[in-house]
Amino acid sequence: MTNKTDTQQIEQPIREFIANNLLYSPDGFAYPDDASFLRESIVDSLGVVELVEFVQKNFRVKVSQHDVTPDNFDSVAKLAAFVRRKQADNAQG
Amino acid sequence: MQFTKKALNLDPAGETNRIVEFLQQSVRRSMRRSGGVVGISGGIDSAIVLALAVRAFGPQKVVAVMMPDKDSDPISEKLARELAASYGVEPILEDITDALEGFDCYRRRDDAIRRVFPQYDAAKGYKAKIVLPQDLLEAGTLNVFSVAIIAPDGREETRPLPPREMLEIVAASNLKQRSRMSTLYFHAEARQYAVIGTANKNEHGQGFFVKYGDGGADIQPIAHLFKTQIYQLARYLGVIEGIQKRTPTTDTYSAPCDQQEFFYRLPFETLDLLWCALDHNVPIGEVAKVMGLSEIQVQRAFDDITRKQRTTEFLRLQPPMMEAPKAVST
């Protein structure tokens with residue numbers, strides 16, 4: 001389970017990045033966290049590349065090509081879960 | 001529909017007649033042009049378009065233009081010449097290298113590649129290409145491009161492309177297709193001919209074309225045909241064997257790069273049937289059974305096709321225009 005502070009540190013920056021850099025939306029990220037980026041046309045193929053770069057820089061996790069699947073990169077919730085798993089792996093490793 | 005592995009088989013004679021009529025009707029009656037200009041690349045798509053145009057207008061009313069640049073494989077020009085000769089057309093050679101130097105195409109592209117691979121130096125014999133992961137059915141990875149370089153000693157190295165570099169490489173490379181489009185329109189306008197496009201359904205539908213580049217044409221006579229159907233027509237139209245047997249290539253980057261690794265991620269025989277099934281809403285279980293795939297593999301392919309269609313919609317859109325303003329009474 002994730003607390004509010006944790007959510008602010010992961011979900012919120014993802015929402016803001018997408019709203020500002022992929023949707024060019026002045027109204028923020030107006031989708032639920034489980035909305036599919038691909039089905040809702042929120043993110044295109046360039047957007048996926050930008051998301052990969054954002055995640056690597058902002059959360060200091062390494063993303064390999066095999067990580068870039070719909071299971072990890074298709075919604076705010078999935079991406080946040082992926083970041084948490086990677087951060088936990090880093091902490092253990 | 002009854003979905004089988006033969007779902008894409010067509011009647012080549014009937015389809016040829018249908019396309020020839022479409023060309024004659026559109027170019028002569030609608031556009032009031034008497035002939036056509038076709039860019040021939042040494043590939044299968046432009047080969048059948050040339051064959052169809054010759055049937056529609058006669059060899060005297062068709063101009064075939066070869067437009068290589070310094071990155072093109074020399075075999076492309078050789079095959080294009082053989083093709084044109086086989087249909088009685090004298091081809092025109094327009095080397096676009098100087099035009100591309102004028103646009104600074106190569107420097108802009110190579111600067112971006114060097115930011116990923118500092119050792120990359122085209123003058124020393126390094127070659128480069130852009131590729132997608134090839135594990136679509138197994139892993140369902142998303143379309144994240146990588147750049148691969150091949151050193152003069154043959155060693156190949158691949159790294160993911162950051163967004164800025166990806167955009168710059170693609171934008172620079174697209175100058176090639178746009179230079180070719182301008183060249184084709186020169187030859188068309190000088191003769192009052194139409195530019196005949198060579199995009200097939202795979203390219204047009206999934207956005208594997210350059211807007212106002214190879215997508216810039218007056219008519220697209222094969223954009224309704226899958227690649228595997230193009231090969232059926234090629235056999236019927238007697239396209240030279242060297243082109244029929246050639247692996248479809250982008251012929252855009254200096255390193256050899258086939259269309260599967262650059263964009264489609266699946267062999268055409270698989271991709272086309274899956275896309276046909278998707279178009280006809282064939283249930284996934286039935287598709288999996290006919291094609292010998294698992295349902296999850298079929299779903300991954302469906303998702304990839306749908307994503308590419310959706311994310312390239314912008315390429316197929318005409319520029320939006322507004323209605324005339326309402327008159328005001330002052």
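Tutor: Happy to. Let's start at the end of a helix: just after α3(B), Gly88(B) takes a positive phi of about 75 degrees. Keep in mind that this is a predicted model.

Now step back into the helix. α3 of chain B covers residues 74-86. Its 13 residues should span 18 Å at 1.5 Å a residue, and the end C-alpha atoms sit 19 Å apart, which agrees. The buried residues here are Ser76(B), Leu79(B), Ala80(B), Leu83(B) and Ala84(B). Look down the axis of α3(B) and these buried residues fall within an arc of 135 degrees, so they line one face of the helix. What lies over them? The cover includes α2, β2 and α10 (241-244) of chain B.

In the largest nonpolar core, which has 99 residues, Leu83(B) is among the four that touch the most other members, along with Ile48(B), Leu50(B) and Ala53(B). The top contributor to this core is helix α2 of chain B (residues 44-57), which gives 11 residues. The core also takes at least three residues from each of domain 1 (102-167) and domain 2 (266-312) of chain B. The centres of those two domains, taken over C-alpha atoms, are 29 Å apart. As a rule, nonpolar side chains in soluble globular proteins tend to be buried together.

Not counting residues up to four places away in sequence, Ala53(B) touches Leu23(B), Gly36(B), Val38(B), Val62(B) and Ile196(B).

One of those contacts, Val62(B), takes us to strand β2 of chain B, which runs over residues 62-66. β2(B) belongs to an open sheet of 4 strands, ordered β3-β2-β1-β7 in chain B, with parallel pairing. At the edges are β3 (92-93) and β7 (194-195) of chain B, each pairing on one side only. β2(B) and β3(B) pair in the parallel sense over 2 bridges, and Met66(B) has Leu93(B) in β3(B) as its bridge partner.

Now hop over to the other chain. Between the two, 16 residues of chain A are in contact with 16 residues of chain B. On the chain A side, α2 and α3 (70-73) of chain A each give two or more residues, and α2(A) gives the most, with 7 residues.

Val48(A) has 25 other C-beta atoms within 10 Å, so it counts as buried. Leaving aside neighbours within four places in sequence, its contacts are Val43(A), Val68(A) and Phe73(A), plus Leu142(B), Asn143(B) and Val144(B) from the other chain. From Val48(A) to Ala77(A), 29 residues apart along the chain, the C-alpha separation is 15 Å.

Last stop is helix α4 of chain A, residues 76-92. Its 17 residues should span 24 Å at 1.5 Å a residue, and the end C-alpha atoms are 24 Å apart, which agrees. Val76(A), Leu79(A), Ala80(A), Phe82(A) and Val83(A) are its buried residues. Down the axis of α4(A), the buried residues fall within an arc of 160 degrees, so they line one face of the helix. Turn to the other side of α4(A), and you'll find Ala88(A), Asp89(A) and Gln92(A) exposed.

Methods. Residues numbered from 1 in each chain as written. Chains lettered and ligands numbered in written order. Predicted model: local features only at pLDDT ≥ 70, side-chain atom pairs only at ≥ 80, totals over all residues. Core = buried A, V, L, I, M, F, W, Y, C linked by C-beta atoms within 7 Å. Buried ≥ 20, exposed ≤ 12 C-beta atoms within 10 Å, placed from the backbone. Domains from an automatic or database assignment. Contact = placed C-beta atoms within 7 Å. Expected span 1.5 Å × (residues − 1). Arc of directions from axis to C-beta. Pairing = 2+ DSSP bridges.
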